[in-house]
Amino acid sequence: MKKEGITYCLIKWILCILAISFIILVLCVWRSYMKITLLSKPGFSGNMLVRKIEEVAKSQLMDIEVFLNEHLQEADVVLLTPQRSEDLKEIKKVVKVPVGVISLRDYGLLDGSSIIKYAKQLIQK
């Protein structure tokens, strides 16, 4: 009988650990969900930047949606490319979410990781 009791306890502990691990995983993924709207002038670079941000998000198991020049009101953060920096004041008047300009360095290097980090910083302010 003791072996059955020990086996039962071990199974119970393993199930508890699995349940807690699952909850932590769900919370981590849930907390990283974000909608980013990228405002860019027409051209190829905006699409490339969207793809790069999505690739980085996927590789880091983040659930991030990136929209190019649309869904301003539904976004958690709006990021302008350096070419659109002169529109910052106007965009801030229109939307009720954090708005920022991507650095020329991050834009030029298509540094999706730094751009995601910047977006998170804007949201946390």
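Modeller: The chain of this predicted model contains five helices and four strands. Read from the N terminus, these elements follow one another in the order α-β-α-β-β-α-β-α-α. The radius of gyration is 21 Å, well over the 14 Å given by the globule rule for 125 residues, so the chain is more spread out than a compact globule. Along the principal axes, the C-alpha atoms occupy a box of roughly 75 × 30 × 20 Å. Of the 125 residues, 30% are buried.

In general, side chains of opposite charge can pair when their charged atoms come close. The structure holds five such salt bridges. One of them joins K41 to E86, with 3.6 Å between the closest N and O atoms. K41 belongs to the loop between β1 and α2, and E86 to the loop between β3 and α3 (88-94), so this pair ties together parts that are 45 residues apart in sequence. K41 counts as partly exposed, at 40% relative accessibility, whereas E86, at 51%, counts as exposed. The threshold for the exposed class is a relative accessible area over 50%, which is why the two partners are classified as they are.

A second pair to consider is E90 with K93, whose side chains meet in a salt bridge at 3.5 Å, N to O. Both residues lie in helix α3, three residues apart, which is about one turn of the helix. E90 is partly exposed at 48% relative accessibility, and K93 is exposed, with a relative accessible area of 65%.

R105 is exposed, at 52% relative accessibility. D106 also takes part here: R105, D106 and D111 are linked in a network of salt bridges. In this region, L110 is found in the loop between α4 (104-109) and α5 (112-124). L110 has a positive phi, near 50°, although L110 is a residue other than glycine. A positive phi, of about 60°, also occurs at N69, which is not a glycine either. N69 lies in the loop between β2 (64-68) and β3 (77-80) and is partly exposed, with a relative accessible area of 37%.

The nonpolar residues complete the picture. The largest nonpolar core has 19 residues, of which I36, I64, L79 and I116 touch the most other members. At least two residues of this core come from each of β1 (34-39), α2 (44-59), β2, β3 and α5. The greatest contribution is that of α2, with five residues. Another core, of seven residues, lies apart from it and includes L80, I91, V95 and V99.

I6, L10, I11, I14, L15 and L18 make a nonpolar surface patch of about 610 Å². L18, one of these residues, is located in helix α1 (residues 2-31) and is exposed, with a relative accessible area of 51%.

Definitions and conventions: Residues numbered from 1 in each chain as written. Predicted model: local features only at pLDDT ≥ 70, side-chain atom pairs only at ≥ 80, totals over all residues. Heavy atoms only, no water. Patch = residues over 30% accessible without salt bridge, like charges linked within 9 Å, V, L, I, M, F, W, Y side chains within 5 Å. Areas by Shrake-Rupley, 256 points an atom, 1.4 Å probe, with all protein chains shown as cover. Salt bridge = Lys/Arg side-chain N within 4 Å of Asp/Glu carboxyl O. Buried < 20%, exposed > 50% of the residue type's maximum accessible area, 1.4 Å probe, protein only. Rg over C-alpha atoms; globule rule 2.2 N^0.38 Å. Core = buried A, V, L, I, M, F, W, Y, C linked by side-chain atoms within 4.5 Å.
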